[in-house]
Amino acid sequence: MPQILKKEINDKIIEVAKSELLKNGIESASMRNIAKGVGISTGNLYRYYIDKDDLIKNILNSCFSRLEKLVSDVTKNKVILLDMVTLNDLSIDDITLMMDKIIDGLVEIYNDYHDEFLILLLDKKISNNFELWIVNLICKLVDKDESDAFVIKANIASTMIVSSFKKAFELFEKQKFDLALILKQHVYKLLELLR
């Protein structure tokens with residue numbers, strides 16, 4: 001007779017998995033450790049989730065959906081989260097306003113989905129795509145041609161922005177401050193250096 005999946009067990013799996021992912025990272029997180037933390041066998045865990053990716057996708061789904069909706073709403077469907085698109089149709093003022101709204105939205109999502117947001121930042125593919133997406137924004141914001149030398153500078157600035165986002169979220173954990181204001185100031189200081 002097949003085992004009935006229980007909501008309490010699933011909730012505990014999600015809770016323990018978040019802790020495991022935050023502690024060990026996506027690559028090193030172990031289904032065995034998660035099962036042990038829940039108090040079930042590893043085989044039983046696989047009745048709930050096909051594999052680690054399935055579990056992570058389930059954990060991040062709501063957070064990622066909010067991020068996609070944020071970017072789609074702010075850009076009026078002109079930009080899709082993590083897709084490489086040219087932003088030639090948009091003015092610098094439009095992009096600046098979008099950046100402000102996106103940063104405000106990121107902070108709101110961070111507050112609503114704290115653990116999930118931090119796990120999302122650990123995902124290398126998402127972080128890399130986010131950096132490339134920011135390079136496009138930077139090239140448009142500083143109104144420069146996309147010469148090789150400038151793209152290299154934009155890539156460095158993008159890496160610094162993503163790193164500063166991660167660092168700001170880490171620091172925010174220790175001492176509360178106006179996270180959106182700090183992120184905006186940092187982003188615009190970097191953009192000024194590129195102009």
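How many helices and how many strands does the protein have? The protein has nine helices and zero strands, where helices (H or I, at least four residues) and strands (E, at least two) are DSSP runs numbered from the N terminus. Read along the sequence, the pattern is therefore α-α-α-α-α-α-α-α-α. The model is a predicted one, in which local features need pLDDT of at least 70 and side-chain atom pairs count only at pLDDT 80 or more, while totals for chains, interfaces and linings use all residues. Residues are numbered from 1 along each chain as its sequence is written, and side-chain values use heavy atoms, with hydrogens and water left out.

Of the 195 residues in the protein, 43% are buried; buried means under 20% relative accessible area, exposed means over 50%, and partly exposed lies in between (1.4 Å probe, protein chains only). Contact means heavy atoms within 4.5 Å. Among the contacts with a separation of 6 or more, 68% are between residues 24 or more positions apart.

Not counting residues up to four places away in sequence, Ile13 touches Ile34, Val38, Ile40, Leu45, Tyr48, Tyr49 and Leu55.

Helix α4 (residues 52-74) deserves a look of its own. Its 23 residues reach 32 Å from the first C-alpha to the last, close to the 33 Å expected at 1.5 Å a residue; the expected span is 1.5 Å times one less than the number of residues. At Asn61, α4 bends by about 50°, the bend being the angle between axes fitted to the seven residues ending there and the seven starting there. The N-terminal end of α4 is capped by Asp51, with a side-chain oxygen 3.2 Å from the backbone nitrogen of Asp53. After α4 comes Lys76, whose phi is positive, near 50°. The buried residues of α4 include Leu55, Ile59, Leu60 and Cys63. Glu116, in helix α6 (residues 114-122), is in contact with Lys18, Ile59, Leu60 and Cys63, leaving aside its neighbours within four places in sequence. Glu116 counts as buried because its relative accessible area is 12%.

Which residues of α2 are buried? They are Met31, Ile34, Ala35 and Val38. Seen down the axis of α2, these buried residues fall within an arc of 95°, so they line one face of the helix; the arc is that of the directions from the helix axis to the C-beta atoms. An α-helix has 3.6 residues a turn, so residues three or four places apart point the same way. The cover over the buried residues of α2 includes α1, α3 and α4. On the other side of α2, Arg32 and Lys36 are exposed, and Lys36 counts as exposed because its relative accessibility is 70%. Ser30 caps the N-terminal end of α2, with a side-chain oxygen 3.1 Å from the backbone nitrogen of Arg32. Just after α2, Gly39 takes a positive phi of about 90°.

Definitions and conventions: Polar contact = N/O pair within 3.5 Å; in protein donor to acceptor, adjacent residues only side chain to side chain.
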